[in-house]
Amino acid sequence: MFRSEEMVLCQLFVQPEAAYVSMYELGEAGIAQFRDLNPHVNDFHRRYVTEVRRCSEMERKLRWVSGELAEPPPPPKPAPRIMSPREINILEERIDFIESEIQEITRNAQNLKTDYLSLIELKILIEKTQTFFQDHSAHRKISASVQVYNNEGVGGHLGFIAGVVATPRVASFERMLWRISHGNIFFKQAQIEEPLKDPVTGHELQKTVFVVFFHGEQIKFRVKKVCTGFQATLYPCPATYKDQQDMLAGVESRIKDLEMVLEQTEQHRKLVLANIARDLSTWMVAVRKEKAIYHTLNMFSMDIIKKCLIAECWVPKQDLPLLQKALDDGVKVSGSPIPSILNPVGSHETPPTFNRTNKFTRGFQNLIDSYGIASYREVNPALYTIITFPFLFAVMFGDMGHGLIMTIFAAIIIIFEKSLSKKKSDNEIWNIFFGGRYIILLMGIFSMYTGLIYNDIFSKSLNIFGSSWKNVYDNQTLVKHKMLDLDPAVAYTQTPYPLGIDPAWQFASNNIIFLNSFKMKLSIIFGVIHMAFGVSLSVVNFKFFSKPYMIFLQYIPQILFLLLLFWYLCIMMFMKWIMYSTVAEDPALGSACAPSVLIMFINMMLLKSTEVRWPCQPFMYEGQNALQRTFLAVAFLCIPVMLFGKPVYQIIKKRKHISGVEEGEGEKVEEQEEMGEMMITQAIHTIEYVLGAVSHTASYLRLWALSLAHAQLSAVLWQRLLRMGLGGGPPVMAIALYMIFGVWAFFTIAILVLMEGLSAFLHTLRLHWVEFMSKFYEGQGYAFLPFSFAVILEHDEEDVKVKPIATQ
């Protein structure tokens with residue numbers, strides 16, 4: 001992981017009969033990224049377009065069959081070997097047969113359901129029309145009149161039409177009937193209580209039974225046309241009660257028979273789909289692999305004279321034996337007498353960037369790639385990010401309790417990662433957590449470590465080694481005074497607490513002032529070290545890319561500028577911690593004379609001296625003023641070197657290269673333009689670095705700010721919430737403590753672990769992307785995208801989840 005893999009551009013000469021097997025082996029290995037040698041050829045005019053279309057059609061059919069399943073099919077079985085073209089043809093025929101069979105079963109089931117729906121509607125219609133005829137006192141006259149009319153008797157009697165219409169259309173349906181008949185009809189309706197099911201879509205249908213009584217053939221014709229326009233279904237209905245009962249009995253008998261047939265049809269359909277589901281995923285994988293193979297073969301060019309396929313691909317140098325083995329296996333399986341040829345070729349094209357990772361390092365590499373793919377063979381920051389990222393996160397998130405929660409969460413995911421990885425989830429948040437499980441684990445472990453250094457667990461301290469401060473007051477004094485001062489010269493044992501911050505600071509009234517000063521200085525120290533390490537990594541790039549002059553013209557001026565100013569600031573912090581003490585014999589080195597390092601640094605930049613009172617000294621050591629002025633002069637002298645060094649060197653180098661050759665007027669103009677462009681570019685980089693050295697150093701103060709905010713939020717939750725339940729009282733307070741603890745635990749996880757954790761994560765990411773990686777990382781490369789079945793199948797599954805499955 002120190003730098004990306006060395007890539008080789010290879011030219012392949014493969015016989016057409018051996019190409020399929022060789023590509024299958026390369027797809028399983030995932031080691032080659034092929035270049036399209038037919039960029040100007042339309043996709044529909046390529047050699048294997050017919051095979052790609054055939055595979056797309058098989059994939060469409062399998063997706064349709066998968067959509068007919070009630071449950072997702074089981075995972076695919078591992079393929080022991082490659083499928084031959086004959087087996088693919090057999091599979092295609094079987095898929096066609098299965099599709100036709102399921103479509104036929106579905107059509108038959110829909111026809112049966114349509115007949116069943118019609119019978120149900122007819123049954124309900126007969127039951128409802130009986131009430132229509134019996135609801136009137138003159139029902140006998142109506143019945144007789146209708147009977148005579150239907151028997152083609154006297155033309156002056158009434159007729160009727162019965163049917164079923166959608167409930168939302170009833171009102172407009174009735175109005176239209178009144179309009180076309182000029183009110184010369186009698187309309188009765190009754191809504192069907194239980195919703196019916198659509199035989200095609202399965203949606204619920206609300207329908208209403210209606211009967212229209214009319215007089216005359218002309219009105220009858222108009223009524224039928226209106227029924228057709230409103231998509232009403234008309235059913236024959238007898239006029240007499242006896243005929244209605246006979247028809248109802250016959251309809252019920254047919255309904256029972258149809259229910260039995262429907263049940264058998266559904267069982268047969270489920271049985272067929274269950275038999276198909278066992279192999280559906282395996283077939284889908286085989287079809288997608290074949291489609292990917294032919295799609296990649298379309299990138300090859302055909303040598304008509306030698307009758308072979310020619311391909312070009314980028315391959316990691318380490319994987320060249322695997323590429324040769326795949327070609328040999330293709331020749332062996334196909335029985336071709338002509339071997340495939342692997343020929344590494346040179347190229348001026350920039351190779352793709354490939355960093356070999358595992359499940360542990362993949363998450364950290366993704367963080368770097370999100371900023372920009374590394375330029376080919378430049379230093380990969382992911383290797384160092386494994387340590388620096390969780391450490392800087394922990395500086396802001398330092399709490400043993402919160403770090404333990406994060407560690408347990410990540411450990412559970414890692415323990416069950418095999419079973420969890422098999423369950424594909426659409427939840428993006430969960431996928432992010434699962435992909436970064438090792439990052440979360442390290443962040444939790446480092447947070448526990450920094451929490452131990454801060455001596456902070458849920459805002460409380462642990463007295464593991466015994467405090468280095470002692471009580472110098474008697475009991476009476478302690479009782480009389482609410483707050484007392486401890487003189488470090490007397491109360492402090494002069495023996496530092498073995499690990500971390502002394503627990504006595506937990507109860508000090510100046511706790512925040514002390515932690516502010518401590519964490520602020522610590523963040524500046526960590527920031528300068530982090531940036532200096534980033535600048536130093538540029539030396540590795542300069543040496544690898546044979547640019548030794550950049551070490552003298554860029555690295556040395558940059559590191560001197562950074563160290564002589566900001567590392568000197570850190571050294572003064574250490575000197576202040578070591579030199580000044582309350583027990584110092586020299587009064588000039590007492591705690592009262594301890595200088596402000598920030599004020600001293602500002603005076604150094606402004607060439608001013610610090611005004612102090614006796615017996616304090618304006619400087620921390622002899623010759624400090626002269627040394628500071630020297631450091632400042634050297635640092636500012638580094639700026640013109642950074643600004644003019646590289647452009648001047650390249651101009652001199654170019655003139656030496658073209659010396660002895662007579663220059664034309666155009667070449668001189670071009671040289672001046674190049675020089676101006678180089679000067680502008682270098683000026684931008686120099687200004688960015690000089691100003692960035694100041695702003696980036698200040699940017700690391702976010703380590704102090706977020707750490708302080710996290711600690712204070714934790715203290716507020718403890719003092720204002722959980723402490724209320726721990727205050728004691730009657731037994732009923734046990735229930736209150738239970739409730740308060742639940743609220744405290746909820747806010748601890750929701751705010752302090754999740755929200756504060758996300759905030760610290762984003763700030764850590766910014767410190768790496770901007771403050772650290774900008775010192776040496778170009779990120780101008782492009783990713784290595786090999787022909788890999790694993791990647792193709794994963795992307796196809798994601799596309800299926802996003803796009804709805806089309807049904808026929």
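These legends accompany close-up views of a predicted model.

**View 1. The whole chain, for orientation.** The C-alpha trace spans about 135 × 100 × 55 Å along its principal axes. For 808 residues, a compact globule would have a radius of gyration near 28 Å, whereas this chain has 42 Å.

**View 2. An open sheet of four strands.** Here the strands follow the order S4-S7-S3-S8, and their pairing is antiparallel. Strand S4 (186-191) and strand S8 (233-235) stand at the edges; each has a single partner strand, so one side of each is left without a neighbour in the sheet. On average, neighbouring strands of this sheet are turned by 25° against each other, direction ignored. As a reminder, strands of a sheet pair through backbone hydrogen bonds, either parallel or antiparallel.

**View 3. The pairing of S4 with S7.** A handy landmark is Gln189, which stands opposite Phe210 in S7.

**View 4. Helices H5 and H6 against the sheet.** Helix H5 (residues 170-181) lies across S4, S7 and strand S3 (159-166), and runs at about 170° to S4. Helix H6 (residues 217-229) also packs on the sheet, where H6 touches S3, S7 and S8. The direction of H6 makes about 165° with that of S7.

**View 5. The second largest pocket.** Rolling a probe the size of a water molecule over the atoms shows where empty space is left. The pocket in this view has a volume of about 1,800 Å³. Its lining is made up of 38 residues, and those nearest its centre are Trp469, Pro488, Tyr492, Trp505 and Phe514. Which residue classes make up this lining? There are 22 nonpolar, ten polar and six charged residues in the lining of the second largest pocket.

**View 6. Helices in the pocket lining.** Helix H17 (511-544) and helix H18 (549-579) each supply at least two residues of the lining of the second largest pocket. H17 gives the most, with five residues.

**View 7. A cis peptide bond at Pro615.** Trp614 and Pro615 are joined by a cis peptide bond, with omega about 10°. To find the spot, look in the loop between helix H19 (597-606) and helix H20 (624-657), where Pro615 lies.

**View 8. A positive phi at Arg377.** The backbone here gives Arg377 a phi near 70°, a positive value in a residue other than glycine. Arg377 lies in the loop between helix H9 (362-371) and helix H10 (382-396).

Conventions. Residues numbered from 1 in each chain as written. Predicted model: local features only at pLDDT ≥ 70, side-chain atom pairs only at ≥ 80, totals over all residues. Heavy atoms only, no water. 1 Å grid on protein atoms, 1.4 Å probe; cavity = no way out; pocket = protein on both sides within 12 Å on 5 of 7 lines; lining within 4 Å. Points joined across faces, edges and corners; volume = space filled by probe spheres on them. Nonpolar A, V, L, I, M, F, W, Y, C, P; charged D, E, K, R; others polar. Pairing = 2+ DSSP bridges. Axes fitted to C-alpha atoms, helices over the stretch in contact; angles between N-to-C directions. Contact = heavy atoms within 4.5 Å. Rg over C-alpha atoms; globule rule 2.2 N^0.38 Å.
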